[in-house]
Amino acid sequence: MSMILFTCVVRIKDGLHLSASSDFHLDPHFLECRKRLNILSSVLTQYPERGTAKERDLSIHFHTSGGVSCTCIAVSSYPAVMAFCFLEEIRSKFAMSYNATCVSLASRPYAFLEFDRVIQKTQNQFNHTNCAQPKCDVAKMQEDLRLRPPALVSWEDMELVNGMVNGRAEAHLETAAACRMQPISPLGILSLILNIMCGALNLIRGVHLAEYSWQEDHQGIINVVAFLLPFMSCFGLCYLYLFYTSTRKIKVSLLFATVCLCNIYLYGLRNHWQILFHVAVASLSSHQILTRQVAEKPPDLGV
């Protein structure tokens, strides 16, 4: 029977999961324990180097060092000293494989997928005591735990209630960079190119008009603004297409309206074909932004 059921390496500053074992169990107690481990991962900075959260059947152990935390779910009857020996061995192997720079640059969950095999192999060794030959000195670890007992984390501290963890806002496990968009389409590339071109045209006309207005016609400043606002709007539309932001629809609507109103105001300095071209490009860009969705997250198959 397996004693260590699941293992995960977490970046402590934001709770990003870097690598994990491939174990998956349908037992409701295990699934609940996985949820609580995910919550704990987001608040590890509040706890000391070692800690344990015990429940009737399962326990969570964690060992933090060098900006990462090695965590595991084990049956409650498994000796804590062996669990921490296991975590120390995982920590040592991870530190030999990846430096602090690699860890800090990781931007997506499970970025070190190749380390999963190391976790699985080490976990299998500790689950089969006859084959286990831990590099960690068990007697030394036992003495270390006696002198510095692991922090006891209550099961209730890892409860999620209305988006809050024990009264604190839950740290989001994925950064904004992890919110990935669907691949850029050929029509999207065309809209970006046309937007850049329109923005450049607006900037050139605006700068030339500004030089004339400041020297000769101070009333033309409004026309300068009417050229520069669409310039900024064009590049704003490019940004909204490339990167996900909240309230996308409102921002797209404001930028599209700015392009349309400014070009209508510039009628006379631009003919109706030029105005139609700029409005059409803004329409195409707005459509591409609103139809480009966030990429669906791949299903979590126990990792």
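Two strands are taken to pair if DSSP finds at least two bridges between them. On this criterion, the predicted model contains an open sheet of six strands, arranged in the order β2-β1-β5-β4-β3-β6 and with mixed pairing. The edges of the sheet are formed by β2 (16-20) and β6 (151-152), each of which pairs on one side only. Strand β3, which spans residues 50-54, is joined to β6 by two bridges, and these two strands run parallel. Within this region, Gly51 stands opposite Ala151 of β6.

Helices pack against the sheet as well. Helix α4, comprising residues 116-127, touches β1 and β2, and its direction makes an angle of about 145° with that of β1. Helix α2, comprising residues 80-97, lies across β1 (4-11), β2, β3, β4 (58-65) and β5 (68-75), and runs at about 40° to β4.

Arg11 is located in strand β1. With a relative accessible area of 5%, Arg11 falls under the 20% limit and is therefore classed as buried. The side chain of Arg11 makes a polar contact with the side chain of Asp14, at 2.7 Å. When neighbours within four places in sequence are left aside, the residues in contact with Arg11 are Leu16, Leu18, Gly67, Val68, Val103, Ser104, Leu105 and Ala106. Of these contacts, Leu16 and Leu18 fall within the residue range of the edge strand β2 (16-20), whereas Val68 belongs to the range of β5 (68-75).

Terms used:
Residues numbered from 1 in each chain as written. Predicted model: local features only at pLDDT ≥ 70, side-chain atom pairs only at ≥ 80, totals over all residues. Heavy atoms only, no water. Helix = DSSP H or I, 4+ residues; strand = E, 2+ residues; numbered from the N terminus. Contact = heavy atoms within 4.5 Å. Axes fitted to C-alpha atoms, helices over the stretch in contact; angles between N-to-C directions. Buried < 20%, exposed > 50% of the residue type's maximum accessible area, 1.4 Å probe, protein only. Polar contact = N/O pair within 3.5 Å; in protein donor to acceptor, adjacent residues only side chain to side chain.
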